[in-house]
Amino acid sequence: MTTIKACLFDLDGVIVDTAVYHYKAWKQLANSLGFDFTEHQNEQLKGVSRVRSLELILGWGGVTKTSEEQEVLATQKNTQYVEMISHMKPDEILPGAKEFVQACRDAGLKTALGSASKNSMMILEKIGMVDLFDAIIDGNKVSKAKPDPEVFLKGAEAVGVLPEECVVFEDAIAGIEAAIAGGMKSVGIGSHDLLGEADLVISGLHEMTLEKLRAL
Ligand code: BG6
Ligand code: MG
């Protein structure tokens, strides 16, 4: 059995419920273009980069835009999203998230953030969790989006731990696939139906313990 030495956490939907804000901002954009998409379709956007999310959404609406127009639309969505998250407070940390990250640190494990979001730092500052991570790998530091394992491999490297000694916590299908592709253990945050490929699925970090981590 491999000993776990580091925990790598996704941000949106694992530490904070910003997935809701992403959904609202994308929905408003789609509606302004004259179409809508479902919550089920939205699952495919979780963990996926801003640019790729827009491509998927435009595809669902059957709308074609030039790359210049796409850039304008992505910026429009981000402006709306940033306005939503600018009001975030520490009370928006998901139940048990801060406590579990702290418990990992107290147990001598390394902790890293592995998020596709270019707004990660702003969110961590708003909720007061910057200092709880030994490394922060976000959308500004990666060139390949999940399900590519780059974000987690960089996190493992930054904290000096081998991939097989890492556990990834993820709410996105693409994120679990990235963990598997990187040779890491994974814990899905959400429903078993969606995240069944993970080694363990829990509804939130409030359900996670160091005992469950060691049993992975
Ligand atoms: C991920 C979210 O964490 O970050 C995605 O799950 C989002 O929904 C992606 O598209 C990029 O975020 P941002 O903040 O850089 O637009
Ligand atoms: Mg997520």
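## Ground rules

The model is predicted, so local features need pLDDT of at least 70 and side-chain atom pairs count only at pLDDT 80 or more, while totals for chains, interfaces and linings use all residues. Residues are numbered from 1 along each chain as its sequence is written, chains are lettered from A and ligands numbered from 1 in the order in which they are written, and side-chain values use heavy atoms, with hydrogens and water left out.

## The largest pocket

The largest pocket holds about 680 Å³ of space. A pocket is an open set of points on a 1 Å grid over the protein atoms alone, where a 1.4 Å probe fits, with protein on both sides within 12 Å along at least five of seven lines; lining residues have an atom within 4 Å of a point. Its volume is the space filled by probe spheres set on the points, which are joined across faces, edges and corners.

The lining has 36 residues, and Val-48, Ser-49, Arg-50, Val-51 and Ala-116 are the closest to the centre. Helices H1 (19–32), H3 (50–61) and H4 (67–85) each give two or more residues. H4 has the largest share, with 8 residues. Helices here are DSSP runs (H or I, at least four residues), numbered from the N terminus. By class, the lining has 12 nonpolar, 14 polar and 10 charged residues. Ala, Val, Leu, Ile, Met, Phe, Trp, Tyr, Cys and Pro count as nonpolar; Asp, Glu, Lys and Arg as charged; the others, Gly among them, as polar.

## The second largest pocket

This pocket has a volume of about 330 Å³. It is lined by 22 residues, with Gly-13, Asp-17, Ala-19, Lys-46 and Asp-171 nearest its centre. The lining divides into 10 nonpolar, 7 polar and 5 charged residues.

Asp-10 and Asp-12 are both buried (under 20% relative accessible area, 1.4 Å probe, protein chains only).

## Leu-195

Leu-195 lies in helix H9. It is buried, with a relative accessible area of 3%. Beyond its neighbours within four places in sequence, Leu-195 has contacts (heavy atoms within 4.5 Å) that include Asp-171, Ile-173 and Val-201.

Methods: Buried < 20%, exposed > 50% of the residue type's maximum accessible area, 1.4 Å probe, protein only.
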